[in-house]
Structure formats: structure tokens, C-alpha cells
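Here is a protein model to read through. Which parts are covered, and how do they fit together?

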Amino acid sequence: MSIFSALDVAAPVVLTVPGLGDSGPSHWQTLWEEARPDTRRVELGMWHSPHRNAWVTKLDQAIRQARTPVILVAHSLGVLATIWWAELARQPFGLPVAGALLVAPADVDRTAAPASLAAFRPTPLTALPFPSIVVASHDDPWIDIQRARDLANAWGSHFVDAGHQGHLNADSGLGWWPEGQKLLDRLLDTASDRHGRPRTPREARALLAVNATDAAQAHYLGAVS
């Protein structure tokens with residue numbers, strides 16, 4: 001569980017960033033928002049006809065309005081919005097975004113990607129200025145598992161192989177997705193100390209490597225890759 005309680009004034013806020021079409025009532029993002037007092041959704045708008053600049057602007061507004069450290073929990077095209085925000089914002093390490101859980105990133109550069117996603121191309125390959133975890137599945141129709149690994153490496157993210165769980169959405173039958181909750185809580189622990197001080201890159205990545213990736217990988221595959 002996280003080191004933070006609901007009463008900690010320095011506790012980060014968790015902002016979910018859905019993908020194309022928004023996240024419906026049975027999506028784990030929605031269930032987390034309903035269950036966790038620290039979690040709320042970024043209303044990006046234009047859910048079925050996304051525009052990169054509009055989404056990044058809405059995400060930036062939500063981050064600035066939080067007034068506390070922020071953990072982003074993004075899914076699919078929401079991951080690309082997060083990556084583009086980081087590319088354009090150029091924040092110092094750890095503030096205002098203290099970490100990100102990046103689930104099932106959509107590969108907008110693939111040949112079969114819808115033309116409507118062209119504004120999100122090319123995918124930035126710059127190391128992220130915050131601790132991050134990329135979670136991907138072997139049978140995700142939106143991205144090849146090796147491509148997901150390559151993106152995680154480029155972003156400086158820890159990579160978690162989720163086995164065969166499709167696009168890691170409502171259709172995957174994840175429900176509340178307790179494994180993802182464990183990753184989120186470990187990311188919260190990694191992102192900053194009890195006083196809201198962001199950890200140094202070395203501290204954060206060392207803690208994340210031990211606490212998040214190993215635990216999740218052991219759950220999904222029975223061993224650490």
C-alpha cells in the first residue's frame with residue numbers, strides 16, 4: 001500500500017488519462033476513480049476525434065490545477081498524450097508530474113494506425129522527466145510487444161510484461177485490476193517522500209526497479225525478466 005493516507009496534505013493526486021473513445025463504466029480507470037479518493041479523470045474532450053494539441057493543453061491545465069505532485073495513469077492513446085505533454089512541457093525531474101503508469105500505449109506510428117491519429121506522430125523518444133512504468137500485453141492489437149519494450153527503453157521506463165491480456169481494457173476482463181493498483185501504489189511510494197519532496201532520478205529509479213517491476217513481473221510470469 002502507499003505510504004500516503006487520505007489525510008496527507010503532501011500526497012500526490014492521481015490523474016487518469018483515458019484513450020480514444022474515453023473509458024467506460026467497466027474500465028479499470030473508471031473503477032479506480034470511483035474507489036480511490038486520490039484519483040480523478042482528466043476530461044480531454046474530443047474523445048472520438050482527438051487532437052494532439054487540444055489533449056495536451058487539457059492535460060497541462062489539469063496538472064497545473066492540481067497544486068500538488070501528480071501521478072498520471074494513462075491508457076492507450078492517453079499514453080501518447082502524456083508523452084507529448086512531457087516532450088513539450090520540459091519539466092524538471094519529478095515536479096509537477098512525479099510519476100506515470102503507462103498502460104498499453106497505442107502505436108500511432110504503425111502502418112495500420114488510423115489516419116485520425118496522425119497528429120500524434122511521430123512518437124517522442126525522449127527520456128521522461130519522472131519515474132514511469134510501461135505495462136504491455138503480447139496480444140494487444142494496438143501495439144507489438146517488442147515495440148512496447150523499445151518505447152519503454154527510450155522513455156527510461158521500467159517495463160512490465162502482462163502476458164496475454166489484450167489491450168488491457170474493459171474487454172480484457174481486468175475488473176478493478178488489482179495488479180495495476182499495486183503498481184500504482186508502488187509508484188506513489190517511489191515518486192516522493194512523506195513530505196512531498198521529489199526523489200532524485202537515481203533514488204526513484206532504484207526504488208522502482210526493486211519495488212514495482214520485480215513484484216509485478218513475478219505476478220504475471222512467475223519470474224523477473
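The questions below go from the overall fold to single residues.

Reader: What kind of model is this, and how are residues numbered?
Author: This is a predicted model, in which local features need pLDDT of at least 70, side-chain atom pairs count only at pLDDT 80 or more, and totals for chains, interfaces and linings use all residues. Side-chain values use heavy atoms, with hydrogens and water left out, and residues are numbered along each chain as its sequence is written, from 1.

Reader: In what order do the elements of the protein chain run?
Author: Helices (H or I, at least four residues) and strands (E, at least two) are DSSP runs, numbered from the N terminus. From the N terminus on, the order is β-α-β-α-β-α-β-β-α-β-α-α.

Reader: How much of the protein chain is buried?
Author: Buried means under 20% relative accessible area, exposed means over 50%, and partly exposed lies in between (1.4 Å probe, protein chains only). The protein chain has 225 residues, and the buried share is 55%.

Reader: What share of the contacts with a separation of 6 or more is between residues 24 or more positions apart?
Author: A contact means heavy atoms within 4.5 Å. Among contacts in the protein chain with a separation of 6 or more, the share from residues 24 or more positions apart is 77%.

Reader: Which strands pair with β4?
Author: Two strands pair if DSSP finds at least two bridges between them. Strand β3 (residues 70-75) runs parallel to β4 and is joined to it by six bridges. I71 stands opposite G99 there.
Author: Strand β4 covers residues 97-103. This strand is mostly covered, and the buried count is seven of seven.

Reader: Which residues of β5 face each side, and are they buried or exposed?
Author: S132, V134 and A136 lie on one side of β5, with I133 and V135 on the other. A100 stands opposite S132, and L101 has I133 as its bridge partner. Both faces of β5 are covered, and the five residues are all buried.

Reader: What is the handedness of the unit made by β3, α3 and β4?
Author: A crossover is right-handed if, with the strands pointing away from the viewer, the path from the first strand over the helix to the second runs clockwise. β5, α4 and β6 make a right-handed β-α-β unit. The unit of β3, helix α3 (residues 77-89) and β4 is right-handed.

Reader: Why is α3 called largely enclosed?
Author: The buried residues of α3 include L77, W84 and W85. They pack against β1 (13-17), α2 (52-66), β3, β4 and α4 (145-155). α3 is largely enclosed by the rest of the structure because its buried residues number 10 of 13.

Reader: What distance separates the end C-alpha atoms of α3?
Author: The expected span of a helix is 1.5 Å times one less than its number of residues. For the 13 residues of α3, that gives 18 Å. The end C-alpha atoms agree with this, at 18 Å apart.

Reader: Which residue follows α3, and what is its phi?
Author: The residue after α3 is R90. Its phi is positive, near 55°.

Reader: How many aromatic pairs does the whole structure hold?
Author: Rings of Phe, Tyr and Trp (its six-membered ring) pair if their centres lie within 6.5 Å. Planes under 30 degrees apart count as stacked, over 60 as edge-to-face, and the rest as tilted. W28, W32 and W177 form one aromatic cluster. A search of the whole structure finds a total of five pairs.

Reader: What kind of pair do W47 and W55 form?
Author: Both residues are buried. The ring centres of W47 and W55 are 5.7 Å apart, and the planes meet at 65°, so the pair is edge-to-face.

Reader: How many residues apart are W55 and F120, which also pair?
Author: The ring centres of W55 and F120 lie 5.8 Å apart with planes at 70°, so this pair is edge-to-face. W55 sits in helix α2 and F120 in the loop between β4 and β5. The pair links distant parts of the chain, 65 residues apart.

Reader: Is G163 buried or exposed?
Author: G163 lies in the loop between β6 (158-161) and α5 (178-191). The C-alpha atoms of G163 and H138 are separated by 5.8 Å, though these residues are 25 apart along the chain. With 10% relative accessibility, G163 counts as buried.
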